[in-house]
Structures are given as structure tokens and as C-alpha cells.
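Keep the model open beside you as you read.

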Amino acid sequence: MNKYCKSGLLFLFLMSSMFLSAQNWPDGSRIKALKIAFITARLSLSSSEAEQFWPIYNEFEDKRNALRERQKSEVYSKIGNAGNLTEAEAKALLNKYLEIEEEEEETDKEFYMKLANAISARKTLLLFSAEHDFRKRLIKEMRQRQGNRGN
């Protein structure tokens, strides 16, 4: 059995058990545990690689989440009122948005370079598809669960 099939089976088992035992939407800690298991399996991280990978990844996630919160509070919360802003206020808001976007871009670059040096460029690239596949599966499972609630 190839490694993708094994990681897929592990993920499906974890998702099934999580949704069978949960009454409500899964909380962040359950999702995070599933994500850790999924990414570790998908990237075939050795224990020494995992020791290097997870602190870098967690630091990146914290920075990215902080930037998204900042963008939400400083930009998105004000966009709904864009029709009432002066041109100067709108430009300032647009500049704030672009500034945060640039910070996010720099954070991404720093993260991927640091990660490539720690675990390899190949596994860093595999992370892209692992995160994408995890999100797709999670959304699919949640939609199915939401659909089953209506029955």
C-alpha cells in the first residue's frame, strides 16, 4: 500500500471517529490534531523531521493568524462602510490592506525557506498539496455532516 493510501485511510478513520463521537461541530483542538496526523503522514516525517517541522509550522500559523486577525479588525470591518468613506480614508484603508498583504507574503517566503532548510524542499512542496487536501476533506466531511443533520 503506498503512503498516500495509508495516510488517506488514517485520515478517514480519524475523521469518522471524530464525527461519530461529536455532537456539534468539531472544535479547533480536534481539527488541529487531525491536521497534525494528516500532514505528518502525508509528508512521511521522521521523528527528527517532525521535531524540526512542527515548531516552525506552529510559529508560521500563529503569525499568519495574527495577520488575518489584524486584517479583519483594521480593514474588513471598515469595508462595509466604504461608500461613506472619503477618498483619502479609502486610500488609507487600501494602503493598510496592501501593507498587511505584503507582510503575509514576506511571512510566507520566510516560512517556506526556513522549512526547506529544515526538512527539504521536496517535503516543503508536498506540504502545499497536503494542506489543500486536508481542507478539501474537512470541508467535505463538514458538509456531509451538516446535510445529515437535516434528515
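**From the surface to the rings**

The protein exposes about 9700 Å², and carbon and sulfur atoms supply 55% of that area (accessible areas come from the Shrake-Rupley method with a 1.4 Å probe, and for residues only the protein chains shown count as cover). Please bear in mind that this is a predicted model, in which local features need pLDDT of at least 70 and side-chain atom pairs count only at pLDDT 80 or more, while totals for chains, interfaces and linings use all residues. Residues are numbered from 1 along each chain as its sequence is written, and side-chain values use heavy atoms, with hydrogens and water left out.

The secondary structure is quickly told: five helices and zero strands, giving the pattern α-α-α-α-α along the sequence. Helices here are DSSP runs of H or I with at least four residues, strands are runs of E with at least two, and both are numbered from the N terminus. Of the 151 residues, 31% count as buried, where buried means under 20% relative accessible area, exposed over 50%, and partly exposed in between (1.4 Å probe, protein chains only). Among contacts with a separation of 6 or more, 71% join residues 24 or more positions apart; a contact means heavy atoms within 4.5 Å.

Now take a look at helix α4. Its 33 residues should span 48 Å at 1.5 Å a residue, and the end C-alpha atoms are 47 Å apart, which agrees; the expected span is 1.5 Å times one less than the number of residues. The buried residues of α4 are L93, I100, E104, T107, F111, Y112, L115 and I119. After the helix comes S120, with a positive phi near 125°.

Two of those buried residues, F111 and Y112, lead us to the aromatic rings. Rings of Phe, Tyr and Trp (its six-membered ring) pair if their centres lie within 6.5 Å; planes under 30 degrees apart count as stacked, over 60 as edge-to-face and the rest as tilted. The count comes to 10 aromatic pairs. F60 and F111 have ring centres 3.9 Å apart and planes at 10°, so this pair is stacked. Because F60 lies in helix α3 (residues 47–79) and F111 in helix α4 (residues 87–119), the pair ties together parts that are 51 residues apart in sequence. Both F60 and F111 are buried.

F60 also pairs with Y112: the ring centres are 6.1 Å apart and the planes at 55°, so this pair is tilted. Here, too, α3 is tied to α4, because F60 lies in the former and Y112 in the latter, 52 residues apart in sequence. Ring pairs link F53, W54, Y57, F60, F111, Y112 and F128 into a cluster.
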